[in-house]
Amino acid sequence: IQGLCKIGNFDAVDRVIYESARNGWEPDAVTYSTYIVGLCRSGYIEEAFRQLETMVAKGLQLTVVGLNILLDHVAQNLDMWVGKEVLERCQELGFVVDVVTYNTVMDHFCKKGKWLRVLKLFTDLLKKPITPNVQTYNILISCLCRAGKFQFAKYVFSSKGFVPDTVTCNILFHEFYEDGKEGELGFLFADVNAGKIAPDTIAYNTLVDCLFRSGRRSQAANFVRHINGG
């Protein structure tokens, strides 16, 4: 079935599943998940939902990987609210929803600039026995910055239980400089200097670029000269 999905021969997949009972084999959750993922990757979202309904009717549960891919393609191809509705429906059906699932939907809301929806999903996540990871926080911080909610983003960055990484650092450098708020980045430099975050090449490049574009060329040159290790 996976091979047939890869070449887009879904009629053959239907025949295999239809004839399986006669051959003494019953399709399981992995079978349907493979089929649904194949349909999604080929752009057949509506058919994927039909197969999901068939699967649920047989008492089977979509695998976590299959669910995340389904939500990813739904969010890309359909109205953004559909992604949230599918997420809620899957939870009602008892499907296993993990932090990757939430990150998938939050990321697409973020790309659409829907920061309130991202925040709502984040608060919903905190009420569940699912622990947000650094990617969850990075998506939220990025979305808040793009919406101009910089103080809120700083609050999230400094919240307990969140350990920022170099991606967090790069997001904040870029977004604050883009909005001309480089003077507010003291909180980030404090963590960098304390060794809590180790900037990477992207962070340094972002800083140099922002300094140049803001007209501070000599400051950019001095900054490059003093980067540890060259």
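Figure 1. A pocket here is an open set of points on a 1 Å grid over the protein atoms alone, where a 1.4 Å probe fits, with protein on both sides within 12 Å along at least five of seven lines; lining residues have an atom within 4 Å of a point. The volume of the largest pocket is about 240 Å³, taken as the space filled by probe spheres set on the points, with grid points joined across faces, edges and corners. At least two lining residues come from each of helix 1 (2–6), helix 3 (29–41) and helix 5 (64–77), and helix 3 gives the largest share, six residues. Helices are DSSP runs of H or I with at least four residues, strands are E runs of at least two, and both are numbered from the N terminus. Sorted by class, the lining has four nonpolar, seven polar and two charged residues; Ala, Val, Leu, Ile, Met, Phe, Trp, Tyr, Cys and Pro count as nonpolar, Asp, Glu, Lys and Arg as charged, and the others, Gly among them, as polar.

**Figure 2. The whole chain, for orientation.** This is a predicted model, where local features need pLDDT of at least 70 and side-chain atom pairs count only at pLDDT 80 or more, while totals for chains, interfaces and linings use all residues. Residues are numbered from 1 along each chain as its sequence is written, and side-chain values use heavy atoms, with hydrogens and water left out. The chain has 14 helices and zero strands. Of its 230 residues, 43% are buried, where buried means under 20% relative accessible area, exposed over 50% and partly exposed in between (1.4 Å probe, protein chains only).

Figure 3. Arg-50 and Glu-47 make a salt bridge, with 2.8 Å between the closest N and O atoms. The term covers a side-chain nitrogen of Lys or Arg within 4 Å of a carboxyl oxygen of Asp or Glu, and the count by that rule is seven. Both residues sit in helix 4 (residues 45–57), three residues apart, or about one turn of the helix. Arg-50 is partly exposed at 44% relative accessibility. Gln-51 is in helix 4 too, and its side chain has a polar contact of 2.9 Å with that of Glu-47. A polar contact is a pair of N or O atoms within 3.5 Å; within protein, one must be able to donate a hydrogen and the other to accept it, and residues adjacent in sequence count only if both atoms are side-chain atoms. Gln-51 counts as buried because its relative accessibility is 10%.

Figure 4. Glu-175 and Arg-146 pair through their side chains at 3.9 Å, N to O. This one links distant parts of the chain, with Glu-175 in helix 11 (residues 166–178) and Arg-146 in helix 9 (residues 134–146), 29 residues apart. Glu-175 is buried at 14% relative accessible area, whereas Arg-146 is exposed at 51%. Lys-181 bridges to Asp-179, with the closest N and O atoms 3.7 Å apart. Lys-181 is partly exposed at 25%, as is Asp-179 at 44%.

**Figure 5. Tyr-137 and its ring partners.** The whole structure holds eight aromatic pairs. Rings of Phe, Tyr and Trp (its six-membered ring) pair if their centres lie within 6.5 Å; planes under 30 degrees apart are stacked, over 60 edge-to-face and the rest tilted. Phe-122 and Tyr-137 are edge-to-face, at 5.4 Å centre to centre and 70 degrees between the planes. Phe-122 belongs to helix 8 (residues 115–126) and Tyr-137 to helix 9, 15 residues apart. Phe-122 is buried at 8%, and Tyr-137 is buried at 10%. Tyr-137 also pairs with Phe-162: the centres are 4.4 Å apart and the planes at 20 degrees, so this pair is stacked. Phe-162 lies in the loop between helix 10 (150–157) and helix 11, 25 residues from Tyr-137.

**Figure 6. A phenylalanine cluster and a helix contact.** Phe-150, Phe-157, Phe-176 and Phe-187 form one aromatic cluster. Ala-203, in helix 13 (residues 201–213), is buried with a relative accessible area of 0%.
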